[in-house]
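Me: Could you take a close look at one part of this model for me, the hairpin and the sheet around it? Walk me through how that bit is put together, and then how it ties in with the rest.

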Amino acid sequence: MEVNASCQDTSYSSECADCPPYTILLDGSGTMDLDGDVLSFSWEEATGGLQIVTPNAAVTSAIVSSQAVSTTLNFEVSLEVSDCEQSDSDLTSVTYSCVSN
């Protein structure tokens, strides 16, 4: 994923606008329980760099706050799914890059 920011030359330096906040879709809706039990979901990101909007929903979004140009951030997002008896989790990597045009 790349997000572009605009840069403008001013005198001898460049002034670049920060990349605006960016929303990432997190989707665990393909999860199913063979017994038909009701499932609960728990999304987490350990560094706190992503704001997970609804951490207990099957489908939610995560927001990367406004970042300076030339910033690359890596996040590890985990999803734990539970029924009344068992739970399982999965981990995915998200890379966010803010680059100038």
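Reply: Let's start at the turn: strands E6 and E7 are joined as a hairpin, with six residues linking them. Before going on, a word on the ground rules. This is a predicted model, so local features need pLDDT of at least 70 and side-chain atom pairs count only at pLDDT 80 or more, while totals for chains, interfaces and linings use all residues. Residues are numbered from 1 along each chain as its sequence is written, and side-chain values use heavy atoms, with hydrogens and water left out. As for the labels, strands (E, at least two residues) and helices (H or I, at least four) are DSSP runs numbered from the N terminus.

One handy landmark is Ile52, whose bridge partner in E7 is Ala62.

E7 also pairs with E4: six bridges join these two strands, again antiparallel. Here you can look for Leu25, which has Ser61 of E7 as its bridge partner. Put together, the three strands make an open, antiparallel sheet in the order E4-E7-E6. From one strand to the next the twist averages 30 degrees, with axes taken as lines fitted to C-alpha atoms (for helices, over the stretch in contact) and angles running from 0 to 180 degrees between N-to-C directions.

A search of the whole structure turns up one aromatic pair, where ring centres of Phe, Tyr or Trp (its six-membered ring) must lie within 6.5 Å, and planes under 30 degrees apart are stacked, over 60 edge-to-face, and the rest tilted. The pair is Tyr22 with Tyr96, tilted at 50 degrees between the planes and 6.3 Å centre to centre. Tyr22 sits in E4 and Tyr96 in strand E9, so to speak a link between distant parts of the chain, 74 residues apart. Tyr96 is buried at 0% relative accessibility, whereas Tyr22 is partly exposed at 31% (buried is under 20% relative accessible area, exposed over 50%, partly exposed in between, with a 1.4 Å probe and protein chains only).

The whole structure has one disulfide, meaning a pair of cysteine sulfur atoms within 2.5 Å. Cys19 and Cys98 form this disulfide, with their sulfur atoms 1.8 Å apart. The torsion about their S-S bond is about 90 degrees, so the disulfide is right-handed. Cys84, by contrast, counts as exposed at 68%.

Stepping back, the protein chain has nine strands and zero helices. Of its 101 residues, 29% count as buried. Among contacts (heavy atoms within 4.5 Å) between residues at least 6 apart in sequence, 57% join residues at least 24 apart.

How values were computed. Two strands pair if DSSP finds at least two bridges between them.
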